[in-house]
Amino acid sequence: MNRFLIIGLGNPGEAYENTRHNIGFSILDRLAFKLQKEEPGPSPIFTSDKHAMVHQAKYKGHALVLIKPTTYMNLSGKAVQYWMQKEKISIHHLLVVTDDLALPFGALRMKKKGSDGGHNGLKDIIATLNSDAFCRLRFGIDATFGKGKQSDYVLGKWNGEELETLEERIAHAIAFIQSYCTIGPDRSMSVFNNK
């Protein structure tokens with residue numbers, strides 16, 4: 001049985017819930033509920049553990065360890081490294097789900113390695129692991145903000161227009177993750193990238 005570590009990036013705490021920067025958390029929440037065949041709701045599906053909220057799941061014979069770091073975005077590497085070691089999962093079965101300002105809203109793009117693209121969470125993971133050779137799934141949040149307003153924008157809530165299609169785009173991201181776990185990154189990218 002293959003084991004995968006799926007990391008959703010975000011910040012802990014109510015103040016950050018349902019913000020653009022926390023899309024990684026939102027995607028993992030929905031994925032966990034889908035895997036349990038439950039509708040989204042208040043069920044305490046993730047449990048608090050070292051450096052993270054954690055949920056263990058299975059999908060088509062594969063073990064998935066879903067992690068929402070509680071270290072805050074800029075120290076995400078600490079949680080990733082700890083859980084890779086604890087669960088004995090190699091970097092080749094690590095997938096990081098994150099927001100991306102460079103992509104249009106809802107666009108999805110997976111890469112098997114690369115730079116942090118200016119994302120502080122990815123930057124810390126790359127520095128901590130001393131490698132950029134891990135898969136990341138980027139969810140576009142667009143960049144419609146004025147000069148000096150980037151922080152307010154990424155930490156802001158979704159607007160009404162975004163909310164109209166957000167759940168459909170999250171569902172697409174979940175299908176992408178499930179595909180990655182079953183047919184691998186290359187075939188998944190050919191099917192889902194930029195769709």
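Let us start with a lysine: Lys68 is buried, because its relative accessibility is 11%, under the 20% cut-off. Please keep in mind that this is a predicted model.

**Lys68 and its partner**

- Lys68 makes a salt bridge with Asp29, and their closest N and O atoms are 2.6 Å apart.
- This pair links distant parts of the chain, with Lys68 in strand 4 (residues 62-69) and Asp29 in helix 1, 39 residues apart.
- Asp29 counts as partly exposed at 23% relative accessibility, whereas Lys68 counts as buried.

**Other charged pairs**

- How many salt bridges does the structure hold? There are 7 salt bridges in the structure.
- In general, side chains of opposite charge can pair when their charged atoms come close.
- One of these salt bridges joins the side chains of Glu87 and Arg3, at 2.4 Å from N to O.
- Glu87 belongs to helix 2 (residues 76-87) and Arg3 to strand 1, so this pair ties together parts that lie 84 residues apart in sequence.
- Glu87 is buried at 13% relative accessibility, while Arg3 is partly exposed at 29%.
- Another salt bridge is formed by Glu167 and Arg30, whose closest N and O atoms are 2.6 Å apart.
- Here, too, distant parts of the chain are linked: Glu167 sits in helix 5 and Arg30 in helix 1, 137 residues apart.
- Is Arg30 buried or exposed? Arg30 is buried, with a relative accessible area of 19%, whereas Glu167 is partly exposed, with 43%.

**Asn22, in a loop**

- Look for Asn22 in the loop between strand 1 (3-8) and helix 1 (23-35).
- Asn22 has a relative accessible area of 3%, so it is buried.
- Leaving out residues up to four places away in sequence, Asn22 touches Leu9, Gly10, Asn11, Tyr16 and Glu17.

**Tyr180, in a helix**

- Where does Tyr180 lie? Tyr180 lies in helix 5, which covers residues 160-192.
- Tyr180 counts as buried, at 2% relative accessibility.
- Beyond its neighbours within four places in sequence, Tyr180 is in contact with several residues, among them Phe4, Ile6, His92, His93, Met110 and Cys135.
- Pro185 and Ser188 are also included in the contacts of Tyr180.
- Tyr180 and Val54 are 126 residues apart along the chain, and their C-alpha atoms are separated by 20 Å.

Technical notes: Residues are numbered from 1 along each chain as its sequence is written. This is a predicted model: local features need pLDDT of at least 70, side-chain atom pairs count only at pLDDT 80 or more; totals for chains, interfaces and linings use all residues. Side-chain values use heavy atoms; hydrogens and water are left out. Helices (H or I, at least four residues) and strands (E, at least two) are DSSP runs, numbered from the N terminus. Buried means under 20% relative accessible area, exposed over 50%, partly exposed in between (1.4 Å probe, protein chains only). Contact means heavy atoms within 4.5 Å. A salt bridge is a side-chain nitrogen of Lys or Arg within 4 Å of a carboxyl oxygen of Asp or Glu.
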